[in-house]
Amino acid sequence: METIIVANWKMNPQSLPKAKELFNSVRNWIKKNSNILQSVRIIICPPFVYLESISKLLKTKNFRLKVELGAQNLFWEEKGAFTGEISPKMLKNLGVKYVIVGHSERRKILGESDEMINKKLKAAIKAKIKPILCIGETFEERKRGKTFKVLKNQLTKSLTHLTTQPLNYLILAYEPIWAIGTGNPCKPEDAKEVLLFLRKFTQPLFRSITQTLILYGGSVNSKIAKDYIKIGFDGLLVGGASLKKTEFVEIIKDIAKD
Ligand code: PEP
């Protein structure tokens, strides 16, 4: 089984040369170490404005490793009067294969609802872009013992009318909101409880596939990355640490080992 490592660059770096430099440094390391990366798939999700350039770098000759392009968001309509939005087809045309949907920063800062997320998931699947659906609870909700209820609610609403789709198109990312960007990751033993809950909850939904891929995200660093894979997560969604070349490479190295 492949382990998936998603790099969410968020709204970074601040210029195209810096974005290329970050990508190239990771790429060069991967090129040199392709032999140990057989079982790892890396998905780089830069801001929209860098997608085209990174896409070109990905296509360069002799770079046929398992590194793919993802976007951080998309809009659900195909075209028209939607100022500031980006359609699934525009992303597809740039070689985007994955898209993050429902990141907690978008839910919280930009008011994305589960209903909007549902439309985005449908649009992504229709365009054959694989969505990475983020779900997670606040600290308050965890403290009140509401984690499973919150996740169930997010999943039920965002997956409305979607469970008949070929849902091997969907990747789930459990991202406890209180762990994102805080330097305070969810302890693997607590994350495992959630993982088991999500496996149980998703299994009957997606009868056609063996298992939904589930990632962990939230302050992952190279010291703890492997712990989440050991307890059964299929991969990681890495934010801050994916912007630090050496740290990101350390995460890949650790995951790729054995
Ligand atoms: C994220 O952006 O989804 C994320 C998990 O960020 P960080 O790794 O910085 O917590």
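Me: What space lies in the largest pocket?

Reply: About 440 Å³ lies in the largest pocket. That volume is the space filled by probe spheres set on grid points, which are joined across faces, edges and corners. The model is predicted: local features need pLDDT of at least 70, side-chain atom pairs need 80 or more, and totals for chains, interfaces and linings use all residues. Residues are numbered from 1 along each chain as its sequence is written, and side-chain values use heavy atoms, without hydrogens and water.

Me: What makes a residue part of the lining of a pocket or cavity?

Reply: A lining residue has an atom within 4 Å of a point on a 1 Å grid over the protein atoms alone. For the largest pocket, 16 residues pass. Lys10, Met11, Gln72, Arg106 and Leu110 lie nearest its centre.

Me: Which element gives the most to the lining of the largest pocket?

Reply: α4 does, with three residues. Both α2 (48-59) and α4 (104-109) supply at least two. These names come from DSSP runs, helices being H or I with at least four residues and strands E with at least two, numbered from the N terminus.

Me: How do you know which lining residues of the largest pocket count as nonpolar, polar or charged?

Reply: Ala, Val, Leu, Ile, Met, Phe, Trp, Tyr, Cys and Pro are nonpolar; Asp, Glu, Lys and Arg are charged; the others, Gly among them, are polar. The lining of the largest pocket has seven nonpolar, five polar and four charged residues.

Me: What makes a space a cavity and not a pocket?

Reply: In a cavity a 1.4 Å probe fits but cannot get out, while a pocket is an open set with protein on both sides within 12 Å along at least five of seven lines. The count comes to one cavity of 30 Å³ or more. The largest cavity has a volume of about 30 Å³. Among the residues lining the largest cavity are Gly102, Arg107, Cys134, Gln154 and Glu175. α4 and β5 (130-135) each supply at least two of its lining residues. By class, that lining holds three nonpolar, four polar and two charged residues.

Me: Why are α1 and α2 called roughly parallel?

Reply: The axes of α1 (residues 16-32) and α2 cross at roughly 30 degrees and come within 10 Å. Axes are lines fitted to C-alpha atoms, for helices over the stretch in contact, with angles from 0 to 180 degrees between N-to-C directions. Angles under 35 degrees count as roughly parallel, over 145 as roughly antiparallel, 65 to 115 as roughly perpendicular and the rest as oblique. Therefore α1 and α2 are roughly parallel.

Me: Why is α7 called oblique to α8?

Reply: Helix α7 (residues 147-158) and helix α8 (residues 188-202) pack at about 40 degrees, with axes 11 Å apart. That angle makes α7 oblique to α8.

Me: What makes the crossing of α7 and α8 right-handed?

Reply: A crossing is right-handed if the near helix is turned clockwise from the far one by less than a right angle, and left-handed if anticlockwise. α7 passes α8 in a right-handed crossing. The crossing of α1 and α2 is right-handed.

Me: Which residues of α1 meet α10?

Reply: Leu22, Ser25, Val26 and Trp29 in α1 meet Lys245, Phe248, Val249, Ile252 and Lys253 in α10. Contact means heavy atoms within 4.5 Å.
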